[in-house]
Structure formats: C-alpha cells, structure tokens
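Please keep the sequence and the structure in view while reading.

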Amino acid sequence: MVRRARLNPVGLHWEQFVVGERDGRAVGVAQLRRHSDGTKELASLAVEPGAREHGIATQMVDALLAGETAAVYALIDRRFAHHFARWGFRQVSPGELPRSLSRTYLIGRAVTTLGSLLRRERIRIVPLLRPAR
C-alpha cells in the first residue's frame with residue numbers, strides 16, 4: 001500500500017504500524033516512525049482509493065496518537081494539512097525540523113516536485129508539528 005501510494009518506503013517498521021480494515025480486509029496503513037535521534041513522525045499513511053471517505057485514516061491516526069505525549073512531526077501534502085489540526089498539528093518552517101527529518105523533507109520536496117511535473121498534479125509537502133503534551 002505504501003509503495004502504491006508513492007510514499008517514502010524508507011524506515012518501514014511493521015511493528016510500528018496500525019492497519020485499517022473495512023469489511024474484513026486491510027484497506028489502510030499508517031505508522032508512528034521513530035528516528036534514530038528520538039524524533040517521532042506520523043508517516044506512511046495510506047488508504048486504498050475505494051475505501052476513502054469512511055474515516056479510516058482518522059481512526060488510524062487516533063490509534064497512533066492515543067496516549068502519545070512526545071512531539072510528533074508529519075510531512076504532508078499541503079492539500080491535506082488542514083485535516084491534521086484536529087490532532088493539534090500546525091505547520092512549521094523547514095528550519096524548525098529536527099536534523100533527522102530535515103533530510104527526509106528535502107528529498108521529499110525534490111521527489112514530489114519531479115512527480116508533480118510528470119503527473120501534472122501539483123504536490124507540495126509541508127512540515128507539521130504536534131507539540132509535546
């Protein structure tokens with residue numbers, strides 16, 4: 001699912017994932033990726049096209065963030081960033097990203113810029129932060 005959604009395939013640690021189901025089959029995945037410096041990132045969020053608009057992504061994010069008190073970052077297509085305000089995420093400048101996530105952000109921007117040209121669909125990654133609680 002992550003690869004089909006053209007998301008970053010680096011750092012896929014399946015024990016950190018939740019799986020969204022609908023009618024008994026897996027239709028979504030998401031993980032709380034832990035970087036080597038301790039940074040936490042909401043990542044690899046994908047829902048199969050036919051299962052969207054049923055709250056599956058919301059349920060997966062709810063499950064991953066339940067009880068999480070550390071700061072959590074996310075790199076999200078700008079079109080969807082406003083959805084993350086419900087969990088307390090806000091947009092931050094790239095300069096505010098921890099070193100471990102800054103490189104991922106820069107690579108993601110380069111890849112999505114190229115992808116935008118090839119697919120003729122504008123994708124713009126923005127960094128989000130949900131502060132520690």
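This is a predicted model: local features need pLDDT of at least 70, side-chain atom pairs count only at pLDDT 80 or more; totals for chains, interfaces and linings use all residues.

The points below describe the helix and then the aromatic side chains.

**Helix α1**

- Helix α1 spans residues 56–65, and its buried residues are Ile56, Met60, Val61, Leu64 and Leu65.
- These residues lie on the same side of α1 because they cover an arc of only 155 degrees around the axis.
- Just after α1 comes Gly67, which has a positive phi of about 80 degrees.

**Aromatic pairs**

- There are 3 aromatic pairs in the structure.
- One of them joins Trp14 and Phe17 in a tilted arrangement, with 4.2 Å from centre to centre and 35 degrees between the planes.
- Trp14 is exposed, with a relative accessible area of 53%, whereas Phe17 is buried, at 12%.
- Phe84 and Phe89 form an edge-to-face pair, with 5.9 Å from centre to centre and 90 degrees between the planes.
- Phe84 is buried, with a relative accessible area of 5%, and Phe89 also counts as buried, at 6% relative accessibility.

**Surroundings of Trp87**

- Trp87 belongs to one aromatic cluster together with Phe84 and Phe89.
- Arg86 lies over the face of Trp87, at 5.1 Å from the ring centre.

How values were computed. Residues are numbered from 1 along each chain as its sequence is written. Side-chain values use heavy atoms; hydrogens and water are left out. Buried means under 20% relative accessible area, exposed over 50%, partly exposed in between (1.4 Å probe, protein chains only). Helices (H or I, at least four residues) and strands (E, at least two) are DSSP runs, numbered from the N terminus. The arc is that of the directions from the helix axis to the C-beta atoms. Rings of Phe, Tyr and Trp (its six-membered ring) pair if their centres lie within 6.5 Å; planes under 30 degrees apart count as stacked, over 60 as edge-to-face and the rest as tilted. A charge sits over a ring if NZ of Lys or CZ of Arg is within 6 Å of the ring centre and within 35 degrees of the ring normal.
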